[in-house]
Amino acid sequence: MSYKLIVLIASGESEDGQVFDAAARLAKLQQGQVRVIPVYPDPAADLVYYGVSLHKANKEAAAARMRESEREIQAGIERFAREAASKHGLAYGDQSGLSIVVDQRDLDPAVALAEAAVLADVVVIGGGCARNFLNLRALFALTVLTSRTPVFVVAEGGFHCDRVAIAWEGSN
């Protein structure tokens with residue numbers, strides 16, 4: 001079986017570099033594409049939580065900080081993607097062939113991931129992302145339990161082997 005579409009779950013954390021590296025290596029080996037689904041926590045949820053006590057001027061400043069925070073996280077994910085693409089000889093942003101494509105964060109990352117996972121040959125996620133973030137842990141569990149797609153968890157410290165055997169028969 002070849003992996004032509006690899007879905008990568010990007011959390012915006014530092015471990016993303018290792019996850020991008022593993023997915024890019026797999027894409028290069030299989031002549032496939034990596035589609036990146038950003039799933040970092042929504043800072044707007046904090047704004048709603050604290051919004052009751054904020055005055056209008058503070059709300060506007062908080063909203064501006066929130067938008068800037070999202071831009072920084074998205075830019076970091078895109079930087080990891082460009083670095084992995086360059087390192088492994090993949091195109092960046094090209095929608096066809098051997099490449100890495102980064103989606104913009106969807107309002108509901110679970111829906112974006114579910115839609116992408118249906119068509120994916122494998123979903124790649126970092127072990128820290130799957131374990132450490134409360135909302136991402138639930139997203140990881142949902143992906144494993146409902147997508148019927150193999151999930152490759154990249155251990156902290158990266159992926160360092162030449163051969164991998166995957167046993168999966170597609171049933172629940």
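Visitor: Why does Glu-13 count as partly exposed?

Guide: Glu-13 has 36% relative accessibility. Buried means under 20% relative accessible area and exposed over 50%, with partly exposed in between (1.4 Å probe, protein chains only). So 36% lands in the middle class, and Glu-13 is partly exposed. Before we go on: this is a predicted model, where local features need pLDDT of at least 70, side-chain atom pairs count only at pLDDT 80 or more, and totals for chains, interfaces and linings use all residues. Residues are numbered from 1 along each chain as its sequence is written, and side-chain values use heavy atoms, leaving out hydrogens and water.

Visitor: Where is Glu-13, and how far is Tyr-40 from it in space?

Guide: Glu-13 sits in the loop between β1 and α1. Tyr-40 is 27 residues away in sequence and 8.3 Å away in space, C-alpha to C-alpha. Helices (H or I, at least four residues) and strands (E, at least two) are DSSP runs, numbered from the N terminus.

Visitor: What makes β3 and β6 the edge strands?

Guide: The open sheet has six strands, in the order β3-β4-β2-β1-β5-β6, with parallel pairing. β3 (91-92) and β6 (151-154) each pair on one side only.

Visitor: How do you know that β5 pairs with β6?

Guide: Two strands pair if DSSP finds at least two bridges between them. Four bridges join β5 (residues 122-126) to β6, so the pair qualifies. Val-123 stands opposite Val-151 in β6.

Visitor: And which strands does α4 touch?

Guide: Helix α4 (residues 109-119) packs on the sheet, touching β1, β2 and β5 (contact means heavy atoms within 4.5 Å).

Visitor: Why are the buried residues of α4 said to be on the same side?

Guide: Pro-109, Ala-112, Leu-113, Ala-116 and Ala-117 are buried in α4. They cover an arc of only 125° around the axis, which puts them on the same side of α4; the arc is that of the directions from the helix axis to the C-beta atoms. On the other side of α4, Glu-115, Val-118 and Leu-119 are exposed.

Visitor: What makes something a nonpolar core, and which residues touch the most other members of the largest one?

Guide: A nonpolar core is a set of buried Ala, Val, Leu, Ile, Met, Phe, Trp, Tyr and Cys residues joined through side-chain atoms within 4.5 Å. The largest has 25 residues, and Ile-6, Leu-8, Phe-20, Val-34, Val-36, Ile-100 and Val-124 touch the most other members. Its largest share, seven residues, comes from α1. Apart from it lies another core, of 11 residues, including Val-7 and Ile-125.

Definitions and conventions. Axes are lines fitted to C-alpha atoms, for helices over the stretch in contact, and angles run from 0 to 180 degrees between N-to-C directions.
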